[in-house]
Amino acid sequence: MSDTVTTPKTRTKTKVERPKLHKVILINDDYTPREFVTMVLKAEFRMTEDQAYKVMITAHKLGACVVAVFTRDVAETKATRATDAGRAKGYPLLFTTEPEE
């Protein structure tokens, strides 16, 4: 008889969770020109002229509009860069972020 002891190999499987997503929101103001808002949306969020115009008009009519959804870091970076573009020209353009439900 053999005295060898065998132990089963166990594998741990790590579960990868998707990162939480955040919405970038355009807040309407009465001072920033529509053309400038459209230009910022096209430049920062890579929208077409049509898409940017629709987002800008929606924010204008409703007071705010979700522009896009990204991971937290990307959303905060894009919102900050878009807001800074408005401030550089002296406009009160504001983009914010919030977690997606």
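This is a predicted model: local features need pLDDT of at least 70, side-chain atom pairs count only at pLDDT 80 or more; totals for chains, interfaces and linings use all residues.
Q: Which residues of the largest nonpolar core touch the most other members?
A: They are Leu-26, Leu-41, Phe-45, Val-67 and Phe-95, out of 21 residues in that core.

Q: And which elements each supply at least two residues of this core?
A: Strands E1 (21-27) and E2 (64-71) do, as do helices H1 (34-45), H2 (49-62) and H3 (72-88).

Q: What does Phe-95 touch, leaving out residues up to four places away in sequence?
A: Its contacts include Val-24, Ile-25 and Leu-26, together with Val-40, Leu-41 and Phe-45. Phe-95 also touches Val-67, Ala-79, Ala-82 and Thr-83.

Q: Turning to H1, which of its residues are buried?
A: Phe-36, Val-37, Thr-38, Val-40, Leu-41, Glu-44 and Phe-45 are buried. They pack against E1, H2, E2, H3 and strand E3 (94-99).

Q: What follows H1?
A: Arg-46 follows H1, with a positive phi near 55°.

Q: How many residues does H3 have, and how far does it reach?
A: H3 has 17 residues and reaches 24 Å from first to last C-alpha, close to the 24 Å expected at 1.5 Å a residue.

Q: Which residues of H3 are buried?
A: Ala-75, Lys-78, Ala-79, Ala-82, Thr-83 and Gly-86 are buried. Seen down the helix axis, the buried residues of H3 fall within an arc of 125°, so they line one face.

Q: What do they pack against?
A: The buried residues of H3 pack against E1, H1, E2 and E3.

Q: Which exposed residues does the face turned away carry?
A: That face of H3 carries Asp-73, Arg-81, Arg-87 and Ala-88.

Conventions: Residues are numbered from 1 along each chain as its sequence is written. Side-chain values use heavy atoms; hydrogens and water are left out. A nonpolar core is a set of buried Ala, Val, Leu, Ile, Met, Phe, Trp, Tyr and Cys residues joined through side-chain atoms within 4.5 Å. Buried means under 20% relative accessible area, exposed over 50%, partly exposed in between (1.4 Å probe, protein chains only). Helices (H or I, at least four residues) and strands (E, at least two) are DSSP runs, numbered from the N terminus. Contact means heavy atoms within 4.5 Å. The expected span of a helix is 1.5 Å times one less than its number of residues. The arc is that of the directions from the helix axis to the C-beta atoms.
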